[in-house]
Amino acid sequence: MCHERSFVLGESTDVELLRAHVNGQRHAFAELLRRHNDHLWQTALRTSYTREDAADSLQDALLSAHRTAGAFRAEAEVRSWLHAIVVNACLDRIRRNKTRRALSLSPETMPEPRNERDEMAAVEMSMVIDRALFSLPPEQRTALVAVDVEGYSVAEAAALLGVPEGTIKSRCARARQRLKERLDYLRDPGNRR
């Protein structure tokens with residue numbers, strides 16, 4: 001029994017683990033989560049407006065994947081299937097929330113960075129970029145994250161998101177243009193201090 005369990009958990013492919021889960025193997029789904037948790041969490045963070053929404057969406061997605069594993073048709077990789085479920089759960093939560101929460105950072109309360117390599121300056125820059133990214137419509141942001149951040153090809157992103165390749169290309173192009181407009185002022189080195 002122990003030998004069979006280590007084979008299933010340690011040496012099996014993702015598809016084999018998913019099938020084992022469907023067939024009642026108690027630890028198979030947990031092994032899938034162990035393998036892909038970091039990727040799925042980063043996907044949820046990049047797709048959601050807040051960490052709390054990302055955590056809730058990821059939990060919803062994993063429960064959905066756990067329940068619907070028997071419907072997996074192996075037309076894509078298990079990781080891609082899980083990725084799509086997470087993205088859809090995040091988009092569902094965004095639609096349910098309908099309003100974006102805003103974080104106000106007043107210049108008076110933020111200390112000036114001491115030097116160009118100051119950790120706070122890096123955090124602040126990250127917040128500026130995140131704010132610009134999250135100002136995009138969810139469909140554009142999701143396409144852009146899939147292609148430019150996650151490294152999926154246009155075809156893979158189209159399959160993940162269930163839209164034509166041309167839609168992915170146009171969403172990415174519009175998202176890049178909007179980001180360029182919103183972040184163009186950072187080209188001036190004086191604005192990065």
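Colleague: Tyr-49 first: what does Tyr-49 count as, buried, partly exposed or exposed?

Modeller: Tyr-49 counts as partly exposed, at 23% relative accessibility. Buried here is under 20% relative accessible area, exposed is over 50%, and partly exposed is in between, with a 1.4 Å probe and protein chains only. Keep in mind that this is a predicted model, where local features need pLDDT of at least 70 and side-chain atom pairs need pLDDT 80 or more, while totals for chains, interfaces and linings use all residues. Residues are numbered from 1 along each chain as its sequence is written, and side-chain values use heavy atoms, leaving out hydrogens and water.

Colleague: Okay. How many aromatic pairs are there?

Modeller: Two. One of them is Tyr-49 with Phe-134, a tilted pair at 5.7 Å centre to centre and 55° between the planes. For a pair, the ring centres of Phe, Tyr or Trp (its six-membered ring) lie within 6.5 Å; planes under 30 degrees apart are stacked, over 60 edge-to-face, and the rest tilted.

Colleague: Switching to the overall fold: how many helices and strands?

Modeller: Nine helices and zero strands. Those are DSSP runs, H or I of at least four residues for helices and E of at least two for strands, numbered from the N terminus. Of the protein's 193 residues, 38% count as buried.

Colleague: Which residues touch the most other members of the largest nonpolar core?

Modeller: Leu-18, Val-78, Trp-81 and Val-86, out of 23 residues. A core is a set of buried Ala, Val, Leu, Ile, Met, Phe, Trp, Tyr and Cys residues joined through side-chain atoms within 4.5 Å. Two or more residues each come from α2 (14–22), α3, α4 and α5 (78–97), with α5 giving the largest share, seven.

Colleague: What does Trp-81 touch?

Modeller: Leu-18, Ala-65, Thr-68, Ala-69 and Phe-72, not counting residues up to four places away in sequence. Contact means heavy atoms within 4.5 Å. Apart from that core lies another, of 15 residues, including Ala-84, Val-147, Tyr-152 and Val-163.

Colleague: Now Asp-14: buried or exposed?

Modeller: Buried, at 18% relative accessibility. Asp-14 lies in helix α2, and its side chain makes a 2.7 Å polar contact with that of Arg-35. That term covers N or O pairs within 3.5 Å; within protein, one must be able to donate a hydrogen and the other to accept it, and residues adjacent in sequence count only if both atoms are side-chain atoms.

Colleague: What about Arg-35 itself, where does Arg-35 lie?

Modeller: In helix α3, and Arg-35 is partly exposed at 27% relative accessible area. Its C-alpha is 9.2 Å from that of Arg-79, 44 residues apart in sequence.

Colleague: Last one: which residues does Leu-183 touch?

Modeller: Val-128, Ile-129 and Ala-132, not counting residues up to four places away in sequence. Leu-183 lies in helix α9 (residues 165–183), and its C-alpha is separated by 7.6 Å from that of Ile-129, 54 residues apart along the chain.
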